[in-house]
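Please keep the sequence and the model in view while reading.

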Amino acid sequence: MIVVSAASGAFGRLVVDRLLEGGAAGRVVAAVRRPEKAVDLAARGVTVRHGDYDDPATLRTAFAGADRLLLISSPELDTARRTAQHRAAVDAARAAGVGSLVYTSFLGADTRAEGLTAAHHATERALAASGLPHTVLRHPFYTEAFVHPGLRDAVAAGELADGTAGRGLNTALRGDLAEAAARVLTEDAHLGRAYDFTGNLWDHHELAEALSRVFGRPVVRRDRADRAPGARGWLEEQVRAGALERQTDDLRHVLGRPPTSLDAAVAALLGHPRPGSPDARPAGRGTS
């Protein structure tokens, strides 16, 4: 039995999709905070159980009988609360006798305990101390944070404003990361491993070229001096500092293929490629 926690979220649903596509129907359990939000999963033959990160008793019941458990990290932003939720989930998995646990961490969490990585670092340490057989999947930022429907305005204007100073990004599509998680959950070669996942390195000059190819009209990149509002501005600061340029082959290795190309990601997230566009491989694997 494979249990997927937080299975009603965007990433969890993609993992369930990949498991069902891979022939795991009848063996998948969705642990969700609000079961009424997962009736569509139940209709597809997935067993739905109540599992709330803030209610450890529900987690023990939700995880019962699991040969493998995917612990998807909580969306909680407060580090202390998120860490407590994850530790409760690890304790519940041990109490439920889970065979092995797969945890979605974040790049750098093995060496840094600050900001975004703080709760993940604490969770990785809790896993190591738990005695549970486990695998760690350290994710990069999602491509969807940068390649989004708002870029259609750039296509219409023929100009892509860029606040990253042209630095590289190692993002990956949710769909690729979900496929990798499904493989780790159903294959035997990954136990005890910690993977640092990155997609193909790209920059906004290449993004402008991809937009041009996919939509069949010229788009040029230009530097933007002013800071973007909100979270986007913070993300661009990370890129300008080179924090997203690390590269590994781990995602390629687990997928057994290259991560989805930038052209295919643009086509999947923004529209369909024009006839003849390069690398128009169906990127439904990367939709959110």
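Helix 8 passes helix 11 in a right-handed crossing, a crossing being right-handed if the near helix is turned clockwise from the far one by less than a right angle, and left-handed if anticlockwise. This is a predicted model, in which local features need pLDDT of at least 70 and side-chain atom pairs count only at pLDDT 80 or more, while totals for chains, interfaces and linings use all residues. Residues are numbered from 1 along each chain as its sequence is written, and side-chain values use heavy atoms, with hydrogens and water left out.

Helix 8 (residues 204–215) and helix 11 (residues 262–270) pack at an angle of about 60°, and their axes, which are lines fitted to C-alpha atoms over the stretch in contact with angles running from 0 to 180 degrees between N-to-C directions, lie 9 Å apart. That makes helix 8 oblique to helix 11, oblique being what is left once angles under 35 degrees (roughly parallel), over 145 (roughly antiparallel) and 65 to 115 (roughly perpendicular) are set aside.

The residues that meet, with contact meaning heavy atoms within 4.5 Å, are listed here.

| Helix | Residues in the contact |
|---|---|
| Helix 8 | Glu206, Leu207, Ala210, Leu211, Arg213, Val214, Phe215 |
| Helix 11 | Leu262, Asp263, Val266, Ala267, Leu270 |

The secondary structure of the protein chain comes to 11 helices and nine strands, where helices (H or I, at least four residues) and strands (E, at least two) are DSSP runs numbered from the N terminus. Along its principal axes, the C-alpha trace of the protein chain spans about 55 × 40 × 35 Å. Of the 288 residues of the protein chain, 52% count as buried, that is, under 20% relative accessible area with a 1.4 Å probe and protein chains only.

Conventions: Buried means under 20% relative accessible area, exposed over 50%, partly exposed in between (1.4 Å probe, protein chains only).
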